[in-house]
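Please read the following walk through a structure with the sequence and the 3D view at hand. The text takes up charged pairs and then a pair of helices.

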Amino acid sequence: MKNRLKDVLPMPVVALAKSMLNGYPSLIMSSLSEARRYNKAYAKDTAKGVKQLESRMMYFTHQIEKGLSHKDFRYGFGKRPLQYLAKTLKLYQQRVSNYSDSMPYRSALAALGEYLKRHVDHEDTLNYVRSIFPVTTLEAAQKMDGHEGGSFHFSEQYKKNNASLTFRELSTNRHSIREFSTEPITYDEIKPALELAMRTPSVCNRQPTRVRVILDHTIIAKALKLQGGFNGYAMPPALILLTADNRVFMAPQEHNEGYTDGGLFGMSLLLALEEQGIAACPLNTMFRKGPEEATRKLLNIPPYENLVMYIAVGHFPDRCITCVSHRFQAEDVVTVVR
């Protein structure tokens, strides 16, 4: 019956019926359903599930790692993340019998171990750490291998042959860089990477990603102040914003597709920049209403575009320090359906 009606009714009538039945109401119901699922699952402060605890552990570990990777190291940093990390480690130990084998737990200990080593001559800071972590945890942290967490050091020369690396080598050796050379970077230097990223697949080849390359340092400073995750670092020479144009989509169920396609484009661009020997760091654009509205006004972003991500861009400094950011193994995240 449905197909017969489509055949006999005029196209405008069919389009109106589809819009009334599957348009805005369908979008609202889908969004509400997604919100309910997310609210039950995400790693809120009160969450006690193992995966939620692991996520919080990794988040606080990364905050410590970022402090450890600052070129101008600030002794005594990170007291609040350390407090949260101590609380989360304790809960995790209570919930997981083999916690010492867990990658998030071991990464946290490795970062904590480097924190202790960096503060060996700063007794006030060490006393603070001893006051919030059990002795057994601190002893275990001091025995950890630095390859599992903390900071990673390399020189600019390490990146000179990027263009000749295999994909495996390029992916393995890419790290996010937050402190760049003072040498300016031009659009012409960035453009080859953008052109390569244009090969990224997208749904039905509709290519929703839009790119803004920001070179004005005043605008970069304002944008990153609103973004809030780059505090403590010097302004990058360039900032790229990726957005998704919702005008290319054709049905309510596609309302999140722009984030998928934009994320694919972002990863392609990060690897393309790496291949070009250009340093970069992805930054989220998960804003509350106020910062999002201010960002849209600052960068003249129309309402039909969704913010996907920033990428801070510049040349590698002579000496690079970044986060280890240890990864899960494939068997930790893969389910094989046979």
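Glu54 is buried in this predicted model, with a relative accessible area of 9%. Because buried means under 20% relative accessible area, Glu54 falls within that class at 9%. Its side chain meets that of Lys51 in a salt bridge, with 3.2 Å from N to O. Lys51, by contrast, is exposed, at a relative accessible area of 56%. Both residues belong to helix α4, which covers residues 50-68. They are 3 residues apart there, so about one helical turn separates them.

Side chains of opposite charge can pair when their charged atoms come close. How many salt bridges does the model have? The count comes to 12.

Another of these pairs joins Glu156 and Lys160, where the N to O distance is 3.7 Å. Glu156 has a relative accessibility of 23% and counts as partly exposed.

A further salt bridge forms between Glu305 and Arg212, whose closest N and O atoms are 2.9 Å apart. This pair links distant parts of the chain, since its residues lie 93 apart. Glu305 sits in strand β5 (residues 305-314), while Arg212 sits in strand β2 (residues 209-214). Are these two residues buried or exposed? Glu305 is buried, at 6% relative accessibility, and Arg212 is buried as well, with a relative accessible area of 19%.

The text now turns to helices. Helix α6 takes in residues 103-118, which makes 16 residues. From its first C-alpha to its last it reaches 22 Å, close to the 22 Å expected at 1.5 Å a residue. Of the 16 residues of α6, 13 are buried, so the helix is largely enclosed by the rest of the structure.

How do α6 and helix α7 (residues 123-132) lie relative to each other, and at what angle do their axes cross? The axes come within 9 Å and cross at roughly 150°. Because angles over 145 degrees count as roughly antiparallel, α6 is roughly antiparallel to α7.

Which residues make the contact? On the α6 side they are Leu112, Tyr115 and Leu116, and on the α7 side Thr125, Leu126 and Val129. By kind, the residues of this contact divide into 5 nonpolar and 1 polar, with no charged residue.

Key: Residues numbered from 1 in each chain as written. Predicted model: local features only at pLDDT ≥ 70, side-chain atom pairs only at ≥ 80, totals over all residues. Heavy atoms only, no water. Salt bridge = Lys/Arg side-chain N within 4 Å of Asp/Glu carboxyl O. Helix = DSSP H or I, 4+ residues; strand = E, 2+ residues; numbered from the N terminus. Buried < 20%, exposed > 50% of the residue type's maximum accessible area, 1.4 Å probe, protein only. Expected span 1.5 Å × (residues − 1). Axes fitted to C-alpha atoms, helices over the stretch in contact; angles between N-to-C directions. Parallel < 35°, antiparallel > 145°, perpendicular 65-115°, else oblique. Contact = heavy atoms within 4.5 Å. Nonpolar A, V, L, I, M, F, W, Y, C, P; charged D, E, K, R; others polar.
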